[in-house]
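Please look over the sequence and the model before reading the points below.

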Amino acid sequence: MKYELVCGLETHVELSTKTKIFCGCRSHFGSEPNTNCCPICIGLPGTLPKLNKEVVRYAIMAGLATHCEINLISKMDRKNYVYPDLPKAYQISQYDLPLCKNGYVELESGKKIRINRIHIEEDAGKLVHKGQDVLIDYNRGGVPLIEIVTHPDISSSDEAKEYIEKLQSIMRYIDVSDCKMQEGSMRCDVNISVRHEGETKLGVRTEIKNMNSITFITKAIDYETERQIDAIQSGGEIYQETLRYSEETNSTESMRNKENANDYRYFGEPDLITIKTNKEDLEKYKTQLPEFADGRCKRYVNDYDISKSDAKLLVKYKKVSDFFEKSIKGIDKPKTVSNLILGVIFRYIENESDKQEFNIKVLPEDLNKLVLLMQENKININLAKKALGQMMETGKKVSEVIPDDYLQEISGEEIKEICKKVIKSNDSAVKDYLSGKDKALKFLLGQVMKETKGKADAKFIEKILAGEIKNA
Ligand code: ZN
Ligand code: MN
């Protein structure tokens, strides 16, 4: 009998607000340990939290971007547990009234992975293992998080991968998080159970905690699915437990029995007031949502004749896509711009993180100027590529890498001769031009450009062509 996987994800996303969720400390990643801390975020008794409004706005944006309903009334709750990274012995989170609920992320197949809820909460500190010692860095304590909880709609590790990538893209497009899994600003808990195909009842699930690599998430899902099927088929039982995935052995091991919600003794946070949101603000936020990667991708394919695989590369990071859109103003064939970005500019960008930042020396206006020169037949593609390479390396402007005198390298006399030759061998175009079709002159111009290898100035050639035709 065949088994199927039933998987749900809980994704923690660190919000990129400047300050923490309940105090004014910086929420910056990578600072010296324990330098972004104060009595509030290290949980000293007698301190009072104050909710950062920006956190609420960011979380609502995340909810709107994933088609959630926003609860106009929401509140914070205490989730009690003891661990050294959490000195208060409770995490301020949300329990029965999360900020957002009932959304979805759509996969390419059209399948919707339903989002049960998105709530806000504080991050805990970080344990650093050094030899025999365990050190604690509280910089991360109080960094704002949203936790995005799906329904168990995911049926394969591929779907899990796609969902996470889509979620990453959406959060990055609205700029609420950089979602860098390797830095821990996006982490997934993976809930897994199996059942006979076609069965509707859910099996007993296990939860793999705190995964921060898409590659390992897919491996862990595949491993755990097999493990559960094997256990059931050999007459064993699945226990509800929390697992740790080991990258070294590609297997899961038990951490503890899975806790239920009542183990946390949730209760309303007495030090914080109700979070109220109004409809006017929601409407305003909706207008601030950008066009997302999927929409842009479709548009590039349909309107600009760009291949789907290229379009996907362009929209993967918003900054690249924004750069592309600024560069194509007044350009007849945006595909040329796409080719230059993917073929030349990307060669100078080493990794995904740099693509995400897209901090390059070339401005979109510069690329636009360069492609306009091509469009006007003043330079050919090879020269454009070479020039763009130089611009990427040196930060020089178009006029510096393609100096004006380059365009005059061929003497006026030579150009005149070539014009005459082209006029002679293109009777019909000349007739068209004389009968008032201005476009015919562009055709002749193109022919001359070919002959001069793009080194002559288009305006100059046009003048000569028009004059020569008149004289002929
Ligand atoms: Zn603080
Ligand atoms: Mn959480």
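Asp305 is found in the loop between helix H5 (293-304) and helix H6 (308-315). Helices (H or I, at least four residues) and strands (E, at least two) are DSSP runs, numbered from the N terminus. This is a predicted model, in which local features need pLDDT of at least 70 and side-chain atom pairs count only at pLDDT 80 or more, while totals for chains, interfaces and linings use all residues. Residues are numbered from 1 along each chain as its sequence is written, chains are lettered from A and ligands numbered from 1 in the order in which they are written, and side-chain values use heavy atoms, with hydrogens and water left out.

**Loop residues with positive phi**

- Asp305 is not a glycine, yet its phi is positive, at about 60°.
- Asp305 counts as exposed because its relative accessible area is 55% (buried means under 20% relative accessible area, exposed over 50%, partly exposed in between, with a 1.4 Å probe and protein chains only).
- Asn34 also is not a glycine and has a positive phi, of about 55°.
- The loop that holds Asn34 runs between strand E1 (3-14) and helix H1 (53-65).
- Asn34 has a relative accessibility of 38%, so this residue is partly exposed.

- Cys38 is buried because its relative accessible area is 18%, and Cys41 is buried at 11% relative accessibility.

- Gly141 sits in the loop between strand E9 (133-137) and strand E10 (144-150).
- With a relative accessibility of 5%, Gly141 is buried.
- Leaving out residues up to four places away in sequence, Gly141 touches Lys20, Cys41, Asp123, Ala124 and Gly125 (contact means heavy atoms within 4.5 Å).
- Gly141 and Cys37 are 104 residues apart along the chain, and their C-alpha atoms are separated by 8.0 Å.

**Cysteines without disulfides**

- A disulfide is a pair of cysteine sulfur atoms within 2.5 Å, and by this rule the count is zero.
- For Cys68, the closest cysteine sulfur is in Cys100, at 5.3 Å, so the two are too far apart for a bond.
- Cys68 is buried, with a relative accessible area of 9%.
- Cys297 is in no disulfide, and the nearest cysteine sulfur, that of Cys179, is 19 Å away.
- Cys297 is buried, at 8% relative accessibility.

**A three-stranded sheet**

- An open sheet of three strands has the order E5-E4-E15, and its pairing is antiparallel (two strands pair if DSSP finds at least two bridges between them).
- Strand E5 (90-93) and strand E15 (267-268) are the edge strands, each pairing on one side only.
- Strand E4 (residues 77-80) runs antiparallel to E15 and is joined to it by two bridges.
- Asp77 has Gly268 in E15 as its bridge partner.

**Domains**

- The protein is divided into domain 1 (3-286), domain 2 (293-405) and domain 3 (412-471), with bounds that come from an automatic or database domain assignment.
- The C-alpha centres of domain 1 and domain 3 are 66 Å apart.
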